[in-house]
Amino acid sequence: MVDTVDEAIWDRLRAAAIEAMKRAYCPYSGYPVGAAGLAEDGSIVVGSNVENAAYGCGHCAETSMVSELIRTGAGRLLAVACVNGNSESVVPCGRCRQVIFEHGGPSCLVLMPTGVMPMSEVLPQGFGPSDLDEVATSTPRKD
C-alpha cells in the first residue's frame, strides 16, 4: 500500500506513460497518448491509445490502462499521469475522466498540465457506482 504520492512516484508515472505512448497505435489521428496509473498495491499499470478504422471503436490510453488495472487485480487507482507525443502532460477527455473516477474515486490524483489535481476537481460532482446503488435501493422494481 502506498502512503503518499511523492515526486519520485510522479517521475516513475511520467516515465511509464512516455514508454506506453511510444507503443500507441494511432495511424489516423497521429496523436499518440500514454497513460500510467499507480494502483493501491503499489504497482504501475499502463496503457496507450489504440485507434481503429471505424473511429468510434478505438480505445484511449486511460481506458487501456484501466483494462490493465482490472486484469492484474491491482486494486484502485491512486494517481494517474497521461502524456502526448511530445511527452507533455495532457488532460484526460470526458469519457476517460469518468473511467478514472470509476476506478480511483474522488481522491485519485491526476497530473494535469497545470499540476496535480484530485479527481473531485478534474470531474466535479462525478457520477459513480454509489449513485447507482442509491437509486437502485430507493426505486421499486417494475416486474
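Mentor: Here is a walk that begins with helix 2 and then visits other parts of the chain. Please keep in mind that this is a predicted model.

Let us start with how helix 2 packs. Two packed helices are described by the angle between their axes and by the distance between those axes. For helix 2 and helix 3, which covers residues 94-104, the angle is about 20 degrees and the axes lie 9 Å apart. Angles under 35 degrees count as roughly parallel, so helix 2 is roughly parallel to helix 3. The crossing of helix 2 past helix 3 is left-handed.

Now look along helix 2 itself. Side chains of opposite charge can pair when their charged atoms come close. Here glutamate 68 makes a salt bridge with arginine 71, and their closest N and O atoms are 3.0 Å apart. Because the two residues are three apart in helix 2, about one helical turn separates glutamate 68 from arginine 71. How exposed are the two partners? Glutamate 68 has 26% relative accessibility, so it counts as partly exposed. Arginine 71 reaches 60%, so it counts as exposed.

The whole structure holds two salt bridges. Another pair is glutamate 19 with lysine 22, where the closest N and O atoms are 3.4 Å apart. Glutamate 19, at 47% relative accessibility, is partly exposed, while lysine 22, at 55%, is exposed.

Valine 50 has a relative accessibility of 35%, so it counts as partly exposed. Valine 50 also belongs to a nonpolar patch on the surface, together with Tyr25, Tyr28 and Tyr55. The accessible area of these four residues together is about 450 Å².

For a contrast with the surface, turn to strand 1, residues 34-39, where you will find alanine 35. Is alanine 35 buried or exposed? Its relative accessible area is 0%, and since buried means under 20%, alanine 35 is buried.

Terms used. Residues are numbered from 1 along each chain as its sequence is written. This is a predicted model: local features need pLDDT of at least 70, side-chain atom pairs count only at pLDDT 80 or more; totals for chains, interfaces and linings use all residues. Side-chain values use heavy atoms; hydrogens and water are left out. Patches are made of residues with over 30% relative accessible area and no salt bridge: like charges are joined within 9 Å, nonpolar side chains (Val, Leu, Ile, Met, Phe, Trp, Tyr) within 5 Å. Accessible areas come from the Shrake-Rupley method with a 1.4 Å probe; for residues, only the protein chains shown count as cover. A salt bridge is a side-chain nitrogen of Lys or Arg within 4 Å of a carboxyl oxygen of Asp or Glu. Buried means under 20% relative accessible area, exposed over 50%, partly exposed in between (1.4 Å probe, protein chains only). Axes are lines fitted to C-alpha atoms, for helices over the stretch in contact, and angles run from 0 to 180 degrees between N-to-C directions. Helices (H or I, at least four residues) and strands (E, at least two) are DSSP runs, numbered from the N terminus. Angles under 35 degrees count as roughly parallel, over 145 as roughly antiparallel, 65 to 115 as roughly perpendicular and the rest as oblique. A crossing is left-handed if the near helix is turned anticlockwise from the far one by less than a right angle, and right-handed if clockwise.
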